[in-house]
Structure formats: structure tokens, C-alpha cells
Amino acid sequence: MAKWTIDASHSEVQFKVKHLMISTVTGTFGSYEGTVETTNDDDFEGATVNFSADIDSISTGQEQRDGHLKSGDFFDAANFPKLTFVSTSFEKSGDDTYTVKGDLTMRGVTKPVTLKAEFGGIMTDFYGQTKAGFDLQGKVNRQDFGLAWSAVTEAGGVVVSDEVKLVMNIQVVKGQ
């Protein structure tokens, strides 16, 4: 059994959502942690993932929007300070790809999600640490998790789309 821990200094956790249906706003979580446990040192088939992100660490580069996202209209950080993901399966889908299924919890609501993971490989760094990298992507409907704030422009356009893209570039360190 091997335990891998997210190396936050070499990882990114982002979400992307359409604004006015014409452009994309990208947000990041600045504080998060997670582990991956495997039964085989060099193969992630059947791995178990546990991940959490601090809602209060959301940043979109615009302070007023960040405050709105943390408010009761969206994530409600005061009452639900963490977003969590616990895998239910981690299956090889190609030479360097995996399908990761699990339960995502936001705002007290848990729903199954599927992430596509591209495996970047395993390397030993300058300090002798064994590291592995993954690029993960998925989509969720924010309404399914109670992030229900909505507005329509005077012209009838939707301000924020319901579909949210999840984009994560994750590096994990073995034995940390």
C-alpha cells in the first residue's frame, strides 16, 4: 500500500463558469489538501482519493465577486466551509488515462461525479521524493448542489451558467 499526498505548491484546483454566456470566469481554490492511496506503488488502478478544499480560499481575481461566491447565494462558506470529494472508483480507461468516480459534497449536498484523469507519469525530484502528476477534468451543474443564485439581464441573457467545469492539475508526493 502506498500513500500519496497532494503537493499544493505544484498543483492547481480551478473551476470555470460562463458569464453572460459569452465569456468564461476562472476561479481557484488556494487552500486544499488530499491523499491518494494505492495498492501498487506504480499503478493507480483501484486507488482511493480523499480531497477537500476551503471555500474561503476561493479567488477569481475580483474581490467583490469572491465575496458573493462565499455568501449564502452560492457556497455559503460560513455554514459549509469545505468542499469534499471521496472516490468510489479509479479505473484505467486507456494507456495514460483513468476515469475517477466519486461523491462530491458542496453546501451540504452530495452528488456523484465523474472526472477524466490524464496521467502525466512518475518522477523522482531533486530531493529524492517520488512524485506523480495528473490533469483532471469534469463538469457539474451548480444547481444540483444548491448554488442556486441566478439573474437575468434586461435583455434576457443569463448572467451565470449552471454548468461548471472542474479543472485540476495535481502533483502528488509518495509517502508524505
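**A chat about a predicted chain**

Trainee: Where is Asp76 found?
Mentor: Asp76 is found in the loop between helix H1 (63–70) and strand S7 (82–92). Keep in mind that this is a predicted model.

Trainee: Okay, and what is phi like at Asp76?
Mentor: Phi there is positive, near 55°, and Asp76 is a residue other than glycine.

Trainee: Is Asp76 buried or exposed?
Mentor: Asp76 counts as buried because its relative accessibility is 13%, and the cut-off for buried is under 20%.

Trainee: What about Arg107, what does phi do there?
Mentor: Arg107 has a positive phi of about 55°, although it is not a glycine. You'll find Arg107 in the loop between S8 and S9.

Trainee: And why does Arg107 count as partly exposed?
Mentor: Because Arg107 has a relative accessibility of 21%, and partly exposed runs from the 20% limit for buried up to the 50% limit for exposed.

Trainee: Let's zoom out. How many helices and strands does the chain have?
Mentor: There is 1 helix, and there are 11 strands. Along the sequence the order goes β-β-β-β-β-β-α-β-β-β-β-β.

Trainee: How much of the chain counts as buried?
Mentor: Out of 176 residues, 39% count as buried. The chain exposes about 9500 Å², with 49% of that supplied by carbon and sulfur atoms.

Trainee: What share of the contacts comes from residues 24 or more positions apart?
Mentor: Those pairs account for 57% of the contacts in the chain with a separation of 6 or more.

Trainee: Back to the strands. Which way do the side chains point along S1?
Mentor: They alternate along S1 (residues 2–6).

Trainee: Which strand does S1 pair with in the antiparallel sense over 4 bridges?
Mentor: That's strand S4 (residues 32–38). Within S4, Glu37 is the bridge partner of Lys3.

Trainee: Now S9. How many bridges join S9 to S10?
Mentor: S9 (residues 109–124) and S10 (residues 130–141) run antiparallel and are joined by 8 bridges. In this pairing, Lys116 stands opposite Gln137 in S10.

Trainee: What about the hairpin of S9 and S10, how many residues sit between the strands?
Mentor: The hairpin has 5 residues between the strands, and Gly128 takes a positive phi near 85° in it.

Trainee: Which residues does Thr110 touch?
Mentor: Thr110 lies in strand S9. Not counting residues up to four places away in sequence, Thr110 touches Asp103, Leu104 and Thr105. With 45% relative accessibility, Thr110 counts as partly exposed. The C-alpha atoms of Thr110 and Phe145 are 7.3 Å apart, although 35 residues separate them along the chain.

Trainee: Which strand has Thr99 in it?
Mentor: Thr99 has its place in strand S8 (residues 97–106). Thr99 counts as buried at 14% relative accessibility. Leaving aside neighbours within four places in sequence, Thr99 has contacts that include Phe90, Glu91, Leu115 and Lys116.

Trainee: How far apart are the C-alpha atoms of Thr28 and Val13?
Mentor: They are separated by 5.7 Å, with the two residues 15 apart along the chain. Thr28 lies in strand S3 (residues 23–29) and counts as partly exposed at 28% relative accessibility.

Trainee: How does the lining of the largest pocket divide into nonpolar, polar and charged?
Mentor: The lining has 33 nonpolar, 7 polar and 3 charged residues.

Notes:
Residues numbered from 1 in each chain as written. Predicted model: local features only at pLDDT ≥ 70, side-chain atom pairs only at ≥ 80, totals over all residues. Heavy atoms only, no water. Nonpolar A, V, L, I, M, F, W, Y, C, P; charged D, E, K, R; others polar. Pairing = 2+ DSSP bridges. Helix = DSSP H or I, 4+ residues; strand = E, 2+ residues; numbered from the N terminus. Buried < 20%, exposed > 50% of the residue type's maximum accessible area, 1.4 Å probe, protein only. Contact = heavy atoms within 4.5 Å. Areas by Shrake-Rupley, 256 points an atom, 1.4 Å probe, with all protein chains shown as cover.
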